[in-house]
Structure formats: structure tokens, C-alpha cells
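Hi everyone, thanks for coming. I'd like to walk you through one structure today, so please have a look at it before I start.

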Amino acid sequence: MTTPLLQVRGLKIGATVYPPGEKPHDIEIVHGVDFDVEAGKVLGLIGESGAGKSTIGLASMAYGRGGVELTGGEVMVNGRDVLQSSLRDIRRLRGAEVTYVSQSAAASFNPAKRIMEQVIEAAVLQGKFSRSDAEDRARALFEKLGLPDPDSIGNRYPHQVSGGQLQRCMTALALCPEPDLVVFDEPTTALDVTTQIDVLKAIKDAIRDTGVAALYITHDLAVVAQVADHIMVLRQGEMVEYGTTDQIINAPREEYTQALVSVRSITHEEKQPTEPVLRVENITARYAGTKFNVLHNVSVDLSPGQTLAVVGESGSGKSTLARVITGLLPPGDGTITFAGRRLSPDQPSRSLEDLRELQMIYQMADTAMNPRQTVGTIIGRPLEFYFGLKGKEKQERIQELLDEIELGEGFQDRYPAELSGGQKQRVCIARALAAKPKLIICDEVTSALDPLVADGILKLLLNLQKVEDVAYLFITHDLATVRAIADSIAVMYQGRVQRYGSKSEVLTPPFDDYTDLLLSSVPEMKLGWLEEVIAHRKMESAGN
Amino acid sequence: MHPVVTLVAQRLGLGLILLFAASALIFGLTEILPGDAAQAILGQTATPENLANLRAEMGLDRPAFTRYFEWLGGIMTGDLGNALTNKLPIADQISRRMSATLFLAFWAAIISVPLAILLGLIAVRYQNRWPDKLISGVTLASISLPEFMIAYILVFFFAVKLFWAPSFASVSPGMPLLEQLHAISLPVAVLTMVVLAHMMRMTRAAILNVMQSAYIETAELKGLTTFTVIRKHAFPNAIAPIVNVVMINLAYLVVGVVVVEVVFAYPGMGQYLVDAVVKRDVPVVLACGVIFAAVYIILNIVADVVSILANPRLRHPK
């Protein structure tokens, strides 16, 4: 039997934490993990944030990010324990035997250097190839990865190519030195869903054609199912389950894995439209100092107590629409009618009642709260501002709201830094509810959360909608979320509403080209989905 | 047009406007000083008639507005006027003085700028270890001491005790370069110590800031040594803030040398300005003021332009 390429035994990883008001102390974040990767195979590492996936991936390069330290165990690469190696030997390993593809290629490329220089740097420096051979190799990789202009794209600077292209360049960077193992760390997570599918295919083909082994780290089980041979499920630094991709997807043994596979269990019956609470008519908008409209003739209605999901990719204008409705960006043209009143286009001239009845929840709960105010102060502020509540009355109402968001006693005096991501978002929801609004604009409120936590937030929002009869304008790029909660859907593309109607209408064929592309790009949790979609698209384009 | 050209043209235009504003300000300030050139020449005992006659002779009786534009017109054609005390053309004096000051500033810059950046790089490489702390400590100590103090300490040890360098930096045009350098070695050392800390600390801070970026991790994961990572990946992205602080310090080397020149009796602009102030020679003070302002503005424009050029997004638009 051959020894595996990467053999990890009893890996323990620690870090020093600096909690506010306490002495710094060491904690263990990975508690003894074992796994193997054989040459030419792909192992998927999956788990939620804090599971230690990236930390374990980087450990294969003997690298600890920030204050992270590799405290115990063995990491054998090609039969050598890298945790016992000298710094010199570790440097020879990095960028030569093991390479890394990060989540955000945009941040991981040096903005001051041309792409080619960065792609070949490790290969040349490690003495694997001469400069001209490395450049030839890079150009061949650019072509294999489906980049436009493979001969000249390397001469560009990182900001001159798109996000999806840069992610492929990063893959080329990792493959250029002919490594034995590539660590892919969420390589498609930051991309739009229609871009993700192409990059995923490019990465999968490149892995297959070069015969390189890979660690594929992601939180998205549907994505990893397309590329991995084996999957290891991690939770809080420990292995939950290990198996072939087929077994994990189709017959998960552990309860946690089953929850991950069946996530988005929410079902929601769509309601019939009634007299709308919000009517947006022919909105056209542009940002100051620009020449181009970012919204063109946008018209949508939203009924009281219902949810309108606005879906689209980055740059489609969905957040701009929210800014127009809230009055932060006065529209160039068009009208907004809210609760029977015509809304003034700019926010400062709106009445207190308009402000109160139209609330907003943001993607980053972290930055939407003052870190120096307690939860009680944060939720209490709209109670004072809109209703003039004080003292005991206010305290009682705050507690009521905390009960509604399922946080209970003891949270009033906590600071945002003492809450988890999901809890922070719940506090933001309570703050919006405190104003007793008729409409809440939810801008990507679950995008920064782990799937199971996001699921909890969506359930909460749906329950609150039943109790409070509040309408949601739900901005998201995630179609699974849309299916779970929407009553009506507006698909946006390049500032226009591409498709609009009730959920069942929008999600039922025949589709327009863009909606079809968008819907078919959402990864499904089954083996071979990627190939099916690509084959289907090839057939269609051949048929046209 | 290429956006860089537009940006650079904008900066140049702004610089010109600023220079005009500075000249007006300097002129205005000398106007509101008590007394004028006539008063200064004739002294306390002058009769009103004498004063009026001299003012008419010198043209000081005309409105300040007219005199400002005459003076401005003169400056723009390179005519700085004549000194009041010895009636010599100021331009001749200043060109000699300025070249002496620039000579001193040039050698101080040649030594201090690369040294500051190198020390900054080393401080980052050994962040929070003893080389970093040593560099920070020594440079901080040197910036904390007043420069005349450093000057006298150096004079005491190297001129008085050891006889390694002269305590008076007298340079004459015919001297061989090496002898000139020997003569100015102590003032150059003082200036270097004064500007080093500021530049070194800014270099360190700017590079440390860049070191947090994700692309530094990419470079580390390529197996590059720490120093290569700093030099090839961090430094090019920290150029803009570093250039800004370097330029401010270069300007200081020209404009702020007054004290050092006086201590070492060096025949530069600083000495000239101090002499003129003592003798109430207003035209000379005006000329020196405008030249100092111009040096500041030009060096800051250079800093702006270099920062713009260092940004690949501006240099290579999409």
C-alpha cells in the first residue's frame, strides 16, 4: 500500500484570545483531527464558521493565520512531518508542494503587481521552472481555465479583470508550480451564483487534468458534492463524520450532517395579493456624479403582511432600490406610495410616521449597532424616539421584544461583542420591530450567517410576520431563501425588473433567458449536478 | 485624456493658486508689522518729514495693493528687488545662499531617506523584537532633543574632544568636494537625526498596515522569506504614505535649517533670513518667505504626483 500524500494525525491547533476586560488566554480550536488525502484525490472539508476548516487547511502548509499555533499532532506531506520541519524546509514546501487558493482573489492578489508576475512567482522562486517556462505554463493554465485572452491577460493588473476571472487566475497561481496538493479555501463563495458555476467547472476540470490532489474547504455542501471524492464534516474543531461524497449526501449517519443536508426545511404557502402597502412605480435612479441610471423603470407592489423577494446578482440594483425606498437616494423619476400616502423622495423631509413605519435590517449586524451600547439601549432607542416610552414601561417593552426574538432574560445588559452572529441579527430585528413598522426592508440579512443559523432567522421572521402583520421587502441573492419565504418575487438584472409576479408564477417555466440562467445555476445537492447543467447548456446553445 | 494627466494638471494648478495665496499672506503679514522699512532705516529719532520723504522715495506711500502687484510682477520676472541695507540685488545673494542650503539638504537627504526606509523595513521584519525596539527608541530620543542641543553635543564630542570634524561649517566655492563634505559633516549629522525618526516611524506604520492584507498571506504561502515579502509585496503598496512623509521632511531640510545653519555658522538661506530679520530688511524677508513657501508647495506637489503614479488603478485604468 502506498503512503497517502497528506496524512494528518491527532492535529491540535490553539490560539491566544484577547477577550475585552479579561486576561489573554490560550484556547484550543481544533481538538485532534485525523484524515488522509491520497494523490490525485479531492477531500472536501465542510462545516460552519468556527468549525476550523480553514485552520486545518492551512495547517497542511504549516501556516497559522494570525495568532494561531499548531500545538500538536502530525501533518505528514509526502512522508515528512511539516510540524517538525525547519522554517527553511517549510518555505520549500509552500508554493511548491502545497499551494493555496483563497476565498477572495480580489484581496489575495497584490494590487501593485501584474497578474503574470504573481502567478509565476512561486514556481520561479522555488526553482521549479525557469521564468519563460513558467510563463508558458501559466498561459496554458489560463487557457485551460477558460480565461479570455490567455496570452495577454497576465499583463493586466488585478483590478483590470473581473472577480470570477481573478478567482481563476488564483487557481492558475496555485497550479503553476505543479504542486502535489492544492488547498481551495471557499474559492467560489464570494462569487455570484452564475459566475460560481463556471469557476467551479474550471477548477474541477483543472484538478482532473493535472491529477493534483486537493483539500476543498467550503460551508456549502451542494458545492463540495460536485468536486470531492470524500467529505469530512467538521464542527467546533472536531470531526463529525467522514465518508465518500455519495454516502455523506445520500445517507448521512450523524444528526448534524443530516441537518446540514436537509437545511432550508422551511415551507411557506404563498398568500394572495391584496391592496398594496407599498407601491413603487416607474422608479429611475442614478448616483450623484455618474452619467448612467442604475435603476430603469422599476415598478413593484407589496401587500400588507407579505414578503416580496428582490433577487439578483451583485450590481443588479437591488440594494439601490432599497436606498430609493428609504429616501437615502432620491429617485430621478417615479413615485413611491406607502400606506396610501405618497412618500417624499428624500428622507429628511419625511414625516416621523413615515420613518417609523418603514424600518430596515442590514446584512452586517456587526456594523449596524453601536458597539458601546448595550442591547437594552439599542432596542430602547426607537421606543423613546417614536413612542416617548420611559422607565418601567420602556423596560417592559424591551423585555417583550427580547422574548419575541427568542433571546429572553439577561440580554439587556450585554454588548454586541458578547453576542453570536445570529443573536446580533436578532437584536437588529427587535430594533426594527420596536418601531411597530408596516414594512421592513431586509437587505441580505442572512447572507453573512451560517446555513443553520440563517434558517433560524428566517423562521423567526416568518413567525413575526404572522404575529405583527408586517410586510418584508427581502433583498437577497440566495434563491433557496427566496423559495423559503417569498409571496412574490422580482428578479432584477442590470437595473431592470426582469421578471415579476407571485412566487409560483416566477418559479414556473417558461422562463426568460436570464431567470433560467439564474435558477439553473443554484447548486443542487446531488452528485453529477454540475455536469448535467453544463451539458444541458451546451445542448441549448448548440440548438440555438 | 488619461486620468493621471488630469489629476497631475489639477495638482499643479492648485499648487500655483496656493503659491499666490502664500505670497499675499506673507506680504500682508509684513505690512501689519509695526513700522516699515523707512522707520527701520531712519531709526527712532526720525522726524515725520524725513520719514515722509524717504517713504515717497521708496514708493512706500502708495497703496499696499499696488505695491503687492508690483512686487509680485517683479518676482514673476525673476526680479526680487534690492536689499535695503546694502542695496545689492537680492536674487544674486539668494542664488548663492540657496545653493549652499540645497547642498546641505541634498547630503542630509541622501543619507537620511534611504536610512530611514531601511530602518523602517528592519523594524517591520523584527516587529516587537529587540531590533525594532532599539531603532524606535534611538530615533525617538533623537527627535525628542531640540536640534541645537544635538548640534552642541555633537560639536562637543566630535569637534572639541576628538577633532574629527570642524565646528564651523565654512564652505567656499573652490573647495574640493571631499573637503566640503568634511566641513558639513556635523550639520548633516544633526539634520539626519532630526528627520530620521519621523520618516522611519511612518515607513514602519505604513508597511505594517499593508502587512495585514490578504495578499501578504498569499506571498507568505508562496514560501517567500519575510524580508522578500516586505520588500516585494508590502513596500510597493506603502509608497504613497511614505513618499508623503519623505517630502515633508525634505521640505523641512530646506526650510527648517535655520537653527542648524546658525549654530554652525553655515552661509545658507537660514543664516540669510535671520540676518535680514535682525536688520529689518523687509524685501529680503519677503523673498526668503516666498522661496520657502515655494519649496514646501513644490515638494508636496511632487508627493501628490508620486502617490498618484504609485496607484496602479490610476496608472492603468480598466
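Some housekeeping. This is a predicted model, in which local features need pLDDT of at least 70 and side-chain atom pairs count only at pLDDT 80 or more, while totals for chains, interfaces and linings use all residues. Residues are numbered from 1 along each chain as its sequence is written, chains are lettered from A and ligands numbered from 1 in the order in which they are written, and side-chain values use heavy atoms, with hydrogens and water left out.

Helices (H or I, at least four residues) and strands (E, at least two) are DSSP runs, numbered from the N terminus. I call two strands paired if DSSP finds at least two bridges between them.

Let's begin with the sheet S2-S1-S4-S5 of chain A, an open one of four strands with antiparallel pairing. Strand S2 (25-37) and strand S5 (80-81) of chain A each have a single partner strand, so at these edges one side of each is left without a neighbour in the sheet. Further in, strand S1 (residues 6-17) and strand S4 (residues 68-77) of chain A run antiparallel and are joined by eight bridges. Val8(A), for instance, has Val75(A) in S4(A) as its bridge partner.

Further along chain A there is another open sheet of four strands, ordered S12-S11-S14-S15, again with antiparallel pairing. Its edge strands are S12 (295-302) and S15 (341-342) of chain A, each pairing on one side only. A helix, H11 (residues 318-326) of chain A, packs on this sheet and touches S11, S12 and strand S14 (333-338) of chain A. Contact here means heavy atoms within 4.5 Å. The direction of H11(A) makes about 115° with that of S11(A), where axes are lines fitted to C-alpha atoms, for helices over the stretch in contact, and angles run from 0 to 180 degrees between N-to-C directions. As for strand S11 (residues 278-285) of chain A, five bridges join it to S12(A) in the antiparallel sense, and Leu278(A) is partnered with Leu302(A).

There is also a hairpin to show you. Strand S9 (residues 230-235) and strand S10 (residues 238-244) of chain A pair antiparallel over six bridges, with Leu234(A) bridged to Met239(A). Two residues lie between the strands, and Gln236(A) takes a positive phi near 45°.

Pro510(A) is in the loop between helix H18 (503-506) and H19 of chain A.

On to the rings. The whole structure has eight aromatic pairs over all chains, counting rings of Phe, Tyr and Trp (its six-membered ring) whose centres lie within 6.5 Å, with planes under 30 degrees apart called stacked, over 60 edge-to-face and the rest tilted. Tyr493(A) and Tyr514(A) are stacked, at 4.0 Å centre to centre and 20° between the planes. Tyr493(A) belongs to strand S19 (residues 488-493) of chain A and Tyr514(A) to helix H19 (residues 513-521) of chain A, so the pair ties together parts that are 21 residues apart in sequence.

Chain B has 14 helices and zero strands. Its C-alpha atoms fill a box of roughly 85 × 60 × 35 Å along the principal axes. Look at Arg204(B), in helix H8 (residues 177-211) of chain B. Leaving out residues up to four places away in sequence, Arg204(B) touches residues including Gly120(B), Gln127(B) and Asp132(B). Arg204(B) and Ala123(B) are 81 residues apart in sequence, yet 6.5 Å apart in space, C-alpha to C-alpha.

Last, the cavities. On a 1 Å grid over the protein atoms alone, a cavity is a set of points where a 1.4 Å probe fits but cannot get out, and lining residues have an atom within 4 Å of a point. Grid points are joined across faces, edges and corners, and a volume is the space filled by probe spheres set on the points. How many cavities of 30 Å³ or more are there? The count is two.

The largest cavity holds about 80 Å³, and its lining includes Tyr100(A), Met170(A) and Leu221(B). H6(A) gives the most to that lining, with three residues. The second largest cavity is about 30 Å³, with His219(A) and Pro451(A) among the residues lining it.

How values were computed
On a 1 Å grid over the protein atoms alone, a cavity is a set of points where a 1.4 Å probe fits but cannot get out, and a pocket is an open set with protein on both sides within 12 Å along at least five of seven lines; lining residues have an atom within 4 Å of a point.
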